[in-house]
Amino acid sequence: MAASAELIERHARPAPRYTSYPTANHFTAAIDADRYEDWLSALPRDTSLSLYVHIPFCETLCFYCACSTKASRRYEPVKRYVEALGEEISMVASLLPPQLPVTHIHWGGGSPSILAPEDIRQLAGALNRNYAITEGAEFAVEIDPRNITSEKVEAFAETGVNRVSLGVQDFDPRVQTAIGREQSFELTHDVVARFRDEGIGSINIDLVYGLPHQTVESLRRTIEQVMLLKPDRIAAFGYAHLPQRVRPQRLIDATALPGTCARFEQSALIVSTLENAGYRRIGIDHFARSADGLAQKPLRRNFQGYTSDAADALIGFGASAIGKLAGGYAQNAVSTPDYERRLAAGRLATARGIALSQEDRIRAYVIERLMCDFRLSTRDLVANFGEAARPVLNVAASVVGRDDDGLVAVTDDGLEITDLGRHFVRSICTRFDSYLDGSATHSVAI
Ligand SMILES: C[S@@+](CC[C@H](N)C(=O)[O-])C[C@H]1O[C@@H](n2cnc3c(N)ncnc32)[C@H](O)[C@@H]1O
Ligand code: SF4
């Protein structure tokens, strides 16, 4: 079934991005440092860990950015923050059962590339001293190509980083001016070459569609340039425009933003161009070469988007960082002064979170499988959760029963989202979300 403008508008209505379920807007102060400490110490002795470190600093703010970060022209606040991170890293380790294997490390932001070489080494040293990082663990870092130097690239390589993700968004000069981010192709090409020369060959490029002045033609040119960089992975996010919540976005000229149908066309162009270039489409907005881990391993979804990270528990370090343990989610204080004050007082910086009920776990499983695999297996669901999954299976039956637009299809073992439905999978997932109450603002679902 082809997509009419009416159908696109109807199914692209705002919806969560489902990087967690329940989504973070439902976290409350009921989860505090005491509760998180209990969860940490109760982890079974064979739990594998994923460690996320948040660096909430950038040299300047891009107008579109919805990440938890702030601009800092001086380095002193960054230095102080790295000290606080060191405190938190050892405090959490002292609460955990000894020697839990770490299989995945991710530094995100903000811009971890703002760190001075000695702080890159200090932070990596703190992780190494306090945790049992397994041989072959993935160690990924988000990089702003505009603030990287040869010394920083060397420091990242020396500390064991084996995957980097570079922000690009768009190479078109008119788009770059409209989003407050000027970054030439030549500079980006040079940064990619420097990482490869240092042996960090696994490279992701971030793109964003739906930005001001972007067109199918301008995006096509950007993708052609990105192909010259030969990345292993590409993330192509739909621009989430929420100026009420994200102040810098008020600098974006809303009249220059592509409408919903134009976003649909841009997204479709990205999918067809990258698939023709040999990339596999992963979930809603990632693409990977078939040799890449993301295309091979069972896919998971977490706060960084799609990942091959199969660890049992996620620990978040830093302001606003979120951890996920068997008991639920725990998030640190969002502002860096608040985060630092709590640690200076000798406590963990946990400010809010949510404990998971069995029903939450079942719905989270369904939403994650739909976001990752575009299908739901009744057999797998019942094998994992038994009869408790029945009510959610009834929801699945009603999603199929009420679908007049060809977004889902019945399989011999559950349901599958069709090629058309893939554009609207976030909307389909809202049907399984029992928390959605219209109180939060979300971005358009395409
Ligand atoms: C932490 S940044 C990446 C690393 C580095 N700070 C940089 O910008 O080069 C995370 C990514 O989130 C994406 N992003 C940020 N704000 C967004 C928004 N409002 N809508 C969609 N994607 C967004 C961008 O693609 C950005 O590269
Ligand atoms: S996109 Fe990256 S560099 Fe730009 S403000 Fe956001 S985190 Fe900072």
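**Exercise 1. How many Å separate the centres of domain 1 and domain 2, taken over C-alpha atoms?**

Solution. The structure is a predicted model.
Step 1. The domain assignment of the chain places domain 1 at 18–317 and domain 2 at 358–436.
Step 2. Taken over C-alpha atoms, the centres of these two domains are separated by 28 Å.
Step 3. Domain 1 contributes 12 residues to the contact, and domain 2 contributes 14 residues.
Step 4. On the side of domain 1 that touches domain 2, α9 (260–276) and β11 (300–302) are the elements giving two or more residues.
Step 5. By class, this side of domain 1 holds seven nonpolar, three polar and two charged residues.

**Exercise 2. Determine how α3 is oriented relative to α4, and list the residues in contact.**

Solution. Two packed helices are described by the angle between their axes and the distance between the axes.
Step 1. The axes of α3 and helix α4 (residues 117–130) cross at roughly 5 degrees and come within 9 Å.
Step 2. Angles under 35 degrees count as roughly parallel, and α3 is therefore roughly parallel to α4.
Step 3. From α3, the contact uses K79, V82, L85, G86, I89, S90 and A93. From α4, it uses D119, Q122, L123, A126, L127 and N130.
Step 4. The residues of this contact of α3 with α4 comprise seven nonpolar, four polar and two charged.

**Exercise 3. Carry out the corresponding analysis for α3 and α11.**

Solution. 
Step 1. Helix α3 (residues 76–95) packs against helix α11 (residues 336–344) at an angle of about 45 degrees, and their axes are 10 Å apart.
Step 2. The pair α3 and α11 is therefore classed as oblique.
Step 3. The crossing of α3 and α11 is left-handed.
Step 4. R80, Y81, A84, E87 and E88 of α3 meet T336, Y339, E340 and L343 of α11.
Step 5. By class, the contact of α3 with α11 has four nonpolar, one polar and four charged residues.

**Exercise 4. Describe the shells around ligand 1 and ligand 2.**

Solution. 
Step 1. Ligand 1 is surrounded by 18 residues, of which A66, D144, G167, D206 and F237 are the closest.
Step 2. At least two residues of the shell around ligand 1 come from each of β4 (101–109), β6 (163–169) and β7 (202–209).
Step 3. The shell around ligand 1 divides into nine nonpolar, six polar and three charged residues.
Step 4. Around ligand 2 lie C58, L61, C62, C65, C67, T69, G109, G110, S111, D144 and G167.
Step 5. The shell around ligand 2 has five nonpolar, five polar and one charged residues.

Conventions:
Residues numbered from 1 in each chain as written. Chains lettered and ligands numbered in written order. Predicted model: local features only at pLDDT ≥ 70, side-chain atom pairs only at ≥ 80, totals over all residues. Near = placed C-beta within 6 Å. Nonpolar A, V, L, I, M, F, W, Y, C, P; charged D, E, K, R; others polar. Axes fitted to C-alpha atoms, helices over the stretch in contact; angles between N-to-C directions. Helix = DSSP H or I, 4+ residues; strand = E, 2+ residues; numbered from the N terminus. Parallel < 35°, antiparallel > 145°, perpendicular 65-115°, else oblique. Left-handed = near helix turned anticlockwise from the far one by under 90°. Contact = placed C-beta atoms within 7 Å. Domains from an automatic or database assignment.
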